[in-house]
Amino acid sequence: MATHSWLHWPAWFRTRSPLAGSPLTFGGSDDLRDPAEAKAWKNRRRRVQVSMKLGKSQLLFSTQEQTPQICVVGSGPAGFYTAQHLLKHHSQARVDIYEKQLVPFGLVRFGVAPDHPEVKNVINTFTQTARSDRCAFRGNVVVGGDVTVPELREAYHAVVLSYGAEDHRALGIPGEELPGVLPARAFVGWYNGLPENRELAPDLSCDTAVILGQGNVALDVARILLTPPEHLEKTDITAASLGVLRQSQVKTVWIVGRRGPLQVAFTIKELREMIQLPGTRPLLDPADFLGLQERIKEAPRPRRRLTELLLQTAEKPGLEEAARQASASRAWGLRFFRSPQQVLSSPDGQRTAGIRLAVTKLEGVGEATRAVPTGDVEDLPCGLVLSSVGYKSRPIDPSVPFDPKLGVIPNIEGRVMDVPGLYCSGWVKRGPTGVIGTTMNDSFLTGQALLQDLQRGLLPTGPRPGYSAIEALLSSRGVQPVSFSDWEKLDAEEVSRGQGSGKPREKLVDPQEMLRLLGR
């Protein structure tokens, strides 16, 4: 949770704020001996109050000042947490959340695995934010298409870009275009009901799948491929994808990384789930872990515990575990020190038949450790290759600075460089790393920066039309935004459809059907 203590705010804010030069006792004007100073202090206090509660400070804005009109682009965790912070810490602010999908919640809905329902509980918090009378959801609006960022900046006092990472990093190797090679991001979107991926139709008729990358998304995908379909029946996985998974012939999944066991990016929770996955056995080479026992003694606790679990899993199992593994019909394994070099095609060139991996070794120490090819290669037969080497943000509008190499909007503490009044939060601010909690803290900091700038008079003064101006633009362009109450109708329909089969919901995946249900 972000800390909002006055003493933790940057020095420039403490010295330039309306409270600068005043005693930090936060008492009344009687604390000041000079009558002129007392009067000035009283006037300053009318504009800004600092209330101390539970050891934290909160910036409160006078009810006599203008209503800040703020727009947030993107309704995933970054967008909602930013909106939440602004609404909580400014009693007059109005926030409009724009979203290109017809439905809210971003990666919480479309990225979190269906067998991880507890992670989706944050939707309850986001719903409370969206129902605030000072917040509005504007779905089915493509910023950068239906409306431009300069048009939003003209209508609002501040604009926050929180649209996440909508693309994937390409492998950049020969054969990447072959049928049977898919971005893991698209596969995740397919089983989670992302409309743009609903017709993906992955071919799961092969025996072996290879996932390139060793992060949590890679383990999510491997787990969904190998989980007995009956274990997914009561989740919110889409009916269409569950039907395809029922027919899957995939028996072995290799999860490939260019570095070693000490550099894997997944967490112990996801690894433990893989180890305990019913009907599967792990394939780990003990030789990959030689000497690690000593090396991990000085590692941070999370890394040490994770590596110890890998070591334990690689060891020869006990009798009970060996019996369980012997009866397993499916397997998963980790291949280290391998980097994709080429996707191999079938003799007719019409499908994926394998992948050529360059054998690597590590050079450098600590954070500078990198994998370099040794010159050796290894061919791994497979019929499906899923690339999980990272998500990537896209530039949203020509007017917004963008770093194509890092895939982020250049910013300082969430303030977009050289564009006053424009901010960013979440993955488009810092890159596609971290979990929902990381995004929460990051978004709170962006919200805090915006409120500081508002208090310092760095944002436009005078009233701004906000959504009324944008609504007129969208109407003239034939765009029909959907509201949060519209979403709640779709939500009720999904829940109703899921009840018959004991699912929490059956997701709607066709935007045209959604619009028909809303009478559009």
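My entries follow, with the ground rules first.

**Ground rules.** I am working with a predicted model, where local features need pLDDT of at least 70, side-chain atom pairs count only at pLDDT 80 or more, and totals for chains, interfaces and linings use all residues. Residues are numbered from 1 along each chain as its sequence is written, and side-chain values use heavy atoms, with hydrogens and water left out.

**Cysteines.** I searched the whole structure for disulfides and got zero (a disulfide being a pair of cysteine sulfur atoms within 2.5 Å). For Cys 206, the nearest cysteine sulfur belongs to Cys 382, 7.3 Å away. I also checked burial (buried is under 20% relative accessible area, exposed over 50%, partly exposed in between, with a 1.4 Å probe and protein chains only). Cys 206 is buried at 13%, and Cys 71 is buried at 0%.

**Cores.** Next I looked at nonpolar cores (sets of buried Ala, Val, Leu, Ile, Met, Phe, Trp, Tyr and Cys residues joined through side-chain atoms within 4.5 Å). The largest has 47 residues, and Val 221 and Val 253 touch the most other members. Helix H8, residues 216-226, gives the most to this core, with seven residues (helices are DSSP runs of H or I, at least four residues, numbered from the N terminus). Another core, of 38 residues, lies apart from it and includes Tyr 81 and Cys 135.

**Helix pair.** I then took H3 (residues 77-89) and H15 (residues 436-455). Their contact (heavy atoms within 4.5 Å) involves, among others, Tyr 81 of H3 and Phe 444 of H15.

Key: Helices (H or I, at least four residues) and strands (E, at least two) are DSSP runs, numbered from the N terminus. Axes are lines fitted to C-alpha atoms, for helices over the stretch in contact, and angles run from 0 to 180 degrees between N-to-C directions.
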